[in-house]
Amino acid sequence: MRFLLEVGTDDGALAKDPTGELGRILRYWGGNLHHYPMKAGDGSEICDSEYREVGRWRIEQDEGDEREGTS
């Protein structure tokens, strides 16, 4: 499987302090992932410190996972 995290950095709090905001986002989601079963299809929106949606994370199944019989 593949874990994907996409965050736009052009607006709001991320434009003002990209390093600080990205650090906060990574810490928050790193601590929050235990609430998810971590299987293909899981995901959620990502918000900055101003509670604006700035991206998403998701888990996708790699094409090779099906061929090899893994899930």
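Which residues form one aromatic cluster? They are Phe3, Tyr28, Trp29, Tyr36 and Trp57. Before the details, the ground rules. This is a predicted model, so to speak: local features need pLDDT of at least 70, side-chain atom pairs count only at pLDDT 80 or more, and totals for chains, interfaces and linings use all residues. Residues are numbered from 1 along each chain as its sequence is written, and side-chain values use heavy atoms, with hydrogens and water left out.

Now the rings. Rings of Phe, Tyr and Trp (its six-membered ring) pair if their centres lie within 6.5 Å; planes under 30 degrees apart count as stacked, over 60 as edge-to-face and the rest as tilted. That rule gives five aromatic pairs. Take Phe3 and Trp57: the ring centres are 5.5 Å apart and the planes sit at 20°, so this pair is stacked. Because Phe3 belongs to strand 1 (residues 2-7) and Trp57 to strand 3 (residues 53-60), the pair ties together parts 54 residues apart in sequence. Strands here are DSSP runs of E, at least two residues, and helices are runs of H or I, at least four, both numbered from the N terminus.

Buried or exposed? Buried means under 20% relative accessible area, exposed over 50%, and partly exposed in between (1.4 Å probe, protein chains only). Trp57, at 0%, counts as buried. Phe3, at 39%, is partly exposed. Leu26, in helix 2 (residues 18-32), is exposed at 52%.

Last, the strands, which pair if DSSP finds at least two bridges between them. Strand 2 (residues 43-47) and strand 3 run antiparallel, joined by five bridges. Gly43 stands opposite Arg58 in strand 3.
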